[in-house]
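Welcome to this set of worked exercises. Have the sequence and the 3D view ready, and try each task before you read its solution.

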Amino acid sequence: MLDEAVIQRTLGAALRTGGEFAEVFVEDKRSSSAMLDDGRVEELSSGRDRGAGIRVVVGDTTGFAHTADLTEAGLQSAAEAAAAAARSGGGGVRTVELTRQTAPRPNDVGIPPESVGKGAKVELLRRADEAARAEGEAIRQVRARYGDSRRQILVANSDGLLAGDDQVRTLFVVSTVAFGDTGMQTGYETVGRTIGFELFDRYEVEDIARTAARRAVTKLQARPAPSGTMPVVIGPGGGGVLFHEACGHGLEKDLVDKGASVFKGRLGQQVASPLVTLVDDGTMAEEWGAYAIDDEGTPAQRNVLIQDGILTDYMWDFLRSRKEGRPRSGNGRRQSYQHLPMVRMTNTYLVGGESEPDDIVASTERGVYIASLGGGQVNTATGDFVFGMTEAYLIEDGQITDPLREGNLIGNGPKVLTDIDAVGHDFSMGHPGTCGKDGQGVPVGDGVPTLRVQALTIGGTAA
Amino acid sequence: MTALDLPDVADLVLEGAEGDEQVEAYVARSRDAQIRAYEGEVEQLSVAESLGVGVRVVRDGRQGFAYCGTFDAEAVRDALAEARDNAAFAEPDEWAGLAVDDGVEPPEVDLWRDDLLDVPTERKVAMAVELENAIRAADGRIVGVESADYADTATEVVIATTTGLRRASRYTGCEIVGFSLAGDDDETQTGFGFSVGRTVDDLDIDRAARDAADRATRMLGAVKPPSERLTVVLDPWVSAQLLGIVAGTLSADEVVRGRSLFADRVDETVAAPIVTLVEDPTDGRAWGASPVDDEGLASRRVPLIEAGTLRGFVHSSWTARRMGTASTGSAVRDGFKSTPGASCRAVALAPGELGPEELIGGVDHGVLVQEVSGLHSGVNPVSGDLSTGAQGLRIRGGGLAEPLREFTIASTLQKLLQDVTAVGSDLTWLTMSAAGVSLVIRDVAISGQ
């Protein structure tokens, strides 16, 4: 993407006024999308974002600048701005020897999205629209979106690191509106992988559309969700966001260091039920949060965060692990070259257990079964977190019965982790997601087997 | 780098128009600074310029779009070619087309302060550090400051079309935001405080620090409430977020696509008689104020709900053509990377007579909600189902009592609007599309123990 000599000179400029650490992050991202709504292919969109972010560290201060100008002059001026922002004092000339490092890619890409004609992408939308509407008269509206991106990055820093990655993602989303006596309800389904157009050899868009349609139609019969605290069973694949919110964010080392995590100072302690083994794994082939290197040049890794209920490690970024002289975990990520990296999750999942999924439901007298969760939010300092249910049912006398209207659930992370009393053997990864933190969004994945939490508060209106 | 300025980039795009196709250039540039203080030092300081152009092409009733994050002439020409190519794959739409001047003159709205551009970085750094110190000093129970940030922006936009529109707008803005931690070994609670303005002299560090400290310390010892139905008082921060969602359902984009629960309700009663909701981006106090909308038409005042009766929706030129009405100058984009849709950007309730203390004084048994979470996952603007995480304070006998946490509030958007029993006098403009105001709502389901 850029000449190594130019990068070396840019790092030199960044360090000229005495910076202790400097980094150049170059990104070239092309994205395209096509949208069908209201029965018509409304719009195709293409975009290109290309630029570099440069940071300079002096003491505990990070200076940052970015530029869309990738000429040597543009990079030099950004490097000087970043150095000035770090208010560095001393002087001197430092040269940086770069060593190219390679990391295995989580998976190969079969059919690069840019090699596929726009007509073929549009055709997927029409097929999805037709399939969703074929699910019945109740389906009144269908929106389908195809999206792909190719993100090439290059990271070089004053420790001599030079590494690159080529990240491809392809996504398909269908959302529907069903209409009935009870008003309107919505259904949603999405698939996304870090692969190219071969996604559609694996998944039929008709299946995605039918699932989205079925969810909306089912909810027309839904009753209001209960209020109060009761057992909750979460189905395979549907509920990884529970762990993302209940403890994932709280295990990010930047929040821990600031005292903004209930998991601070708890390494080596029992923080969860012995049934809980939680992993964050950026190497999972094709999963939405997978990559070869993170946005600081560290190879992705499989990191065990909680082993049999014991907290074994936090997630780390480059500077924090560098400062403590410990191995890097590969969790330094950023939304784009215009952002500073932060500690972020990749693919976060609960390892499967031994229980029969059917037995978990059958042994629940009264509770809620959640087949699909929506997004969530956590206050890492208090541990209180919420997450939405987009497909849920009542459990009565050990049987899954009536569908429930949408709502949030609320719980406290440390409490919920210890309240997990059953983990099934039917592990499955869930939907592609976008995790937001401090204004930056990055792609993440999650997964769970069937599991039960003894007590969660259901945010419904029924008694 | 190229020396092209915003109008030059717009010219470059329009010069490339072919035949009778319509072409629009949306050119934007912002200069932004972000500073985070931590333990008395600068933790992060970022100063940067972001720019780009979004190009729309409408040809034979088909629309295509492309953008590039640069003013480089070759990349801009590529974006135009790509937008044109994209248009060929869209399906024809008899209402497709760019905006055309409707004779409404853009209002004078003063949103730009030259002096913000002259503020030295040192002063901005000092404000972030001062905010952090002020939060720590505000209360002995403050044990930490998670972040103390200063941020500002100076943004300029030029919109030009081959249909004859050419409009420029610009604004400055700055804010300080602090997140506090209060507690001891057994318990941590969090709070936040902020102040927003067009330039640094508008910012009130003491107030932001006091809010951040108060919001955290008053939550200490919070308990989970029992489940019941009762009256809630929403603080302005909370009501602004909910009003933003209500405003979303009043977008003509949602109406024409059959996704608005208010689609067929114009001139019907949709809210309590004390509810009057107006979208007014010509009000310079609003964060979303602007003289023109994002396809170049003049901003204007749009009554949405008057004394509980639905009066209409916000329109872009496309929704207006499709519904046989006039644009309300409400085309909004999420920057140069997206196409415009009809949306509110400066919506507010008509304020009432009473301040928050008086409103709380009138509630015998209720909850003051000071924060909500999970709005994106717990509110479905199509069905109207609403359920969010919440924290706040018990109201007992007209006074504030013990703090409450880890509970949800639930209703539906339809019912919530009907159940409003009082609107406060404390209209508060926030960095959102809606202004906040204290709001009393009866019969809301609380779910806790």
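**Exercise 1. A helix and its surroundings**

Against which elements of chain A do the buried residues of α1(A) pack?

*Solution.* Some ground rules come first. This is a predicted model, in which local features need pLDDT of at least 70 and side-chain atom pairs count only at pLDDT 80 or more, while totals for chains, interfaces and linings use all residues. Residues are numbered from 1 along each chain as its sequence is written, and chains are lettered from A and ligands numbered from 1 in the order in which they are written.

Step 1: find the helix. Helices (H or I, at least four residues) and strands (E, at least two) are DSSP runs, numbered from the N terminus. Helix α1 of chain A covers residues 4-15. Its 12 residues reach 17 Å from the first C-alpha to the last, close to the expected 16 Å; the expected span is 1.5 Å times one less than the number of residues.

Step 2: pick out the buried residues. A residue is buried if 20 or more other C-beta atoms lie within 10 Å of its own, exposed if 12 or fewer, and partly exposed in between, with C-beta atoms placed from the backbone. In α1(A), the buried ones are A:I7, A:T10, A:L11, A:A13, A:A14 and A:L15.

Step 3: look at what they touch. Two residues are in contact if their C-beta atoms, placed from the backbone, lie within 7 Å. The buried residues of α1(A) pack against β1 (21-37), β2, α2 (72-85) and β5 (139-157) of chain A.

**Exercise 2. A strand with two partners**

*Solution.* Step 1: locate the strand. β8 of chain A spans residues 227-234 and is mostly covered, with six of its eight residues buried.

Step 1: list its partners. Two strands pair if DSSP finds at least two bridges between them.

**Exercise 3. Where two chains meet**

Describe the contact between chain A and chain B.

*Solution.* Step 1: count the residues. Chain A gives 66 residues to the contact and chain B gives 62.

Step 1: find the main contributor. On the chain A side, strand β2 (residues 40-58) supplies the largest share, 12 residues.

Step 2: sort by class. Ala, Val, Leu, Ile, Met, Phe, Trp, Tyr, Cys and Pro count as nonpolar, Asp, Glu, Lys and Arg as charged, and the others, Gly among them, as polar. The side of chain A that touches chain B has 17 nonpolar, 33 polar and 16 charged residues.

Step 3: Strand β3 (residues 61-67) of chain A and strand β2 (residues 41-59) of chain B run parallel and share three bridges. Here A:T62 has B:Q44 as its bridge partner.

**Exercise 4. The build of chain B**

How many helices and strands does chain B have, and how compact is chain B for its length?

*Solution.* Step 1: count. Chain B holds 11 helices and 18 strands.

Step 1: compare sizes. The radius of gyration, taken over C-alpha atoms, is set against the globule rule of 2.2 Å times the number of residues to the power 0.38. Chain B has a radius of gyration of 24 Å, close to the 22 Å that the rule gives for 449 residues, so it is as compact as a globular protein of that length.

Step 2: check burial. Of the 449 residues in chain B, 57% are buried.

Step 3: view one sheet. An open, antiparallel sheet of four strands in chain B has the order β10-β9-β8-β13. Its edge strands, β10 (309-310) and β13 (347-349), each pair on one side only. Within this chain, β8 (residues 277-279) and β9 (residues 302-306) share three bridges, and B:L277 stands opposite B:I305.
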